[in-house]
Amino acid sequence: MIDTLLILHLNDSHSRIFPFGPWTDDNKKLYPTVMRLAYITDSLKSLYPKHLFFHAGDFLSGDFPFNASVGRMDLKILKLLGINAITLGNHEFDAGPDSLYNALNSEDVYLLSANMDTTSHILKTKIKPYEIFNINSKKICVLGLTPSEFNDINPYQKPIRFKSPIQTAQIYQDTFNNLDCNLKIILSHLGAYLDTVLAKSTNYHLIIGGHSHTRIDTVWKVKNSNNDTTYIVQAYEHFKVVGKILWDLTNNKLIDYKLIDVLNSSNLSQYMIDTLNNIKSQIYSKFSNVYDDSITTIDSTISNAPDSIGCLDVPTGNLIADAMRFQTNSDLGVIETDILVYPLYKGKITSDDIFQMMPYGFDHQNAYNSRIYKITIKGSDMYNVLGFAQFIRGQSPVVQVSGFTYQFIPNVPMEVSDISIDTSQIYKVAGSVYTLYVASSLTPNIIAVETTNLNVFQAVKNYILSLSNLNYHSECRIKYKTSNYSEKISKLPKFKIYKNTIIWQDKEKASIYNLDGRKIYELKENEIYKLRRGIYIIKSGKLSYKILIP
Ligand SMILES: [Zn+2]
């Protein structure tokens, strides 16, 4: 007789506990989320009396339950689903570490993160490195890992920092061996790619992942540091699927793994319906009837991907950037492409449909999403702000815009060109807190910052109400710069930027200058140079490149 353990897992559910998405033929929202999910997981749990249920992080931020309760409603639902352990994800910080602490404290929930590196903040009292479950005299040990890549770039995460997750996992693997753990699991919020690196450099049995929203239908097998197999799984996003692992505890072997599509179940959980109705009435008392109102109706979907050949601007991005600009009487508008999540689907548009286009951010004054800031800068500084974008993203534009157009060369850092503004003029730019953060770290010359009384959601809702006809497509506000494009890529010098250093790896000699034109170093092959945070220009032969030390 083998001893079978059922492990259920979720990740990146992002507060989407209510039905959302496009309308179906019978006038319902396509994604029914936790009402159906609870029915599926409850049935499986009654079938397998030995079970565990995990969440690999990013359960917060994405819909009104988070904004209405700063996470308490989301934690209530996870508790009701019977989740046994949750990893601390990066979006858990979207309302700041104090708010996260308050939610965890009031719901009496602990999160797992073994690599959190801040001991002075009270949040530390609600974080554990690992959890051990005893099932039939077998020890199941579960380690939590959080990404460290947001230490310096997420203003909401401050002052919390994270250590290297891979080194941390190597240290705890010894701890788990000393504790005689039978099954060693990592509940990782590092993303699928880093999970494969993690698997190779450690010897855990199972990595249950999140963060990259990857749909792993067939288990990934990686040869680990003991020459054994480490299994990697991940369950997509937004409660659309749930992972189901069957593990043979007697022989410590994987029996079966699959993702269960929540859409394919027709049964609903009655207690979850009752709980959601209760939560809905609390949300309505704060934000009005956001799931059942009717703002307008549209005949065709406004896409969240480019819909004209050669254009890189996104229809929903154009709509949002226009709304931010016009509703705040600014000259220009910018919005991060990364925070555009869902299209505006055809049919009736509710407030929640508008929110789903760009749900991230948290406004401590009124609990809606990102507040709009009006940043006064010189036209020439827009090159720095937009250039930062291409440093991070490579092929897709980091910001969507209103009031101007621009071009860039994909995969060439900082190469933004042809911004259709007068570089000597002064502009008022409507942007989010992230735009402000990037602008203020890169341009010492911000002339003024005005905090408006609008957030992105309200601006878009008011703007839509003011339009008689809502119809948005790509207009080529953003394009690739085609001339010299391949030439520039083939001539891109070899160098690496690591923390506050640049490692020059090119045979060609070069010099590095600051933005004022002062030479800082002569660069020689395989030498390492220290630089302060900021933008620099490298000149090598006839070519010059901008780089950013983040
Ligand atoms: Zn994440």
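**Notes on the predicted model**

1. Let's start with a helix pair: Leu319, Ile320, Asp322, Ala323, Met324, Phe326 and Gln327 in α8 meet Val456, Ala459, Val460, Asn462 and Tyr463 in α12. Sorted by type, the residues of this contact are nine nonpolar, two polar and one charged. Here, contact means that the C-beta atoms of two residues, placed from the backbone, lie within 7 Å. Ala, Val, Leu, Ile, Met, Phe, Trp, Tyr, Cys and Pro count as nonpolar, Asp, Glu, Lys and Arg as charged, and the others, Gly among them, as polar.

2. A word on what you're looking at. This is a predicted model, where local features need pLDDT of at least 70 and side-chain atom pairs count only at pLDDT 80 or more, while totals for chains, interfaces and linings use all residues. Residues are numbered from 1 along each chain as its sequence is written.

3. Back to the helices. Helix α8 (residues 315–327) and helix α12 (residues 456–466) pack at about 90°, and their axes are 8 Å apart. The pair is therefore roughly perpendicular; that label covers 65 to 115 degrees, with under 35 roughly parallel, over 145 roughly antiparallel and the rest oblique. Axes are lines fitted to C-alpha atoms, for helices over the stretch in contact, and angles run from 0 to 180 degrees between N-to-C directions.

4. Overall, the protein has 13 helices and 32 strands. These are DSSP runs numbered from the N terminus: helices are H or I with at least four residues, strands are E with at least two. The radius of gyration is 25 Å, close to the 24 Å from the globule rule for 550 residues, so the protein is as compact as a globular protein of that length. The radius is taken over C-alpha atoms, and the rule is 2.2 Å times the number of residues to the power 0.38. Along its principal axes, the C-alpha trace spans about 75 × 60 × 45 Å.

5. How much of the protein is buried? Buried residues account for 46% of the 550. Buried means 20 or more other C-beta atoms within 10 Å of the residue's own, exposed means 12 or fewer, and partly exposed is in between, with C-beta atoms placed from the backbone. Of the contacts with a separation of 6 or more, 69% are between residues 24 or more positions apart.

6. Strand β1 (residues 4–10) has five of its seven residues buried, so it is largely enclosed by the rest of the structure. Six bridges join β1 to β14 (residues 241–248) in antiparallel fashion, with Ile7 partnered by Ile245. β1 runs parallel to β4 (residues 51–55), joined by five bridges, and Leu6 stands opposite His51. Strands count as paired if DSSP finds at least two bridges between them.

7. Strand β19 (residues 371–378) is mostly covered, with six of eight residues buried. β19 pairs antiparallel with β24 (residues 448–455) over five bridges, where Arg371 partners Asn455. Six bridges also link β19 to β23 (residues 426–431), again antiparallel; there, Lys378 partners Ile426.

8. Four bridges join β28 (residues 510–514) to β31 (residues 534–540), and Asn514 stands opposite Tyr536.
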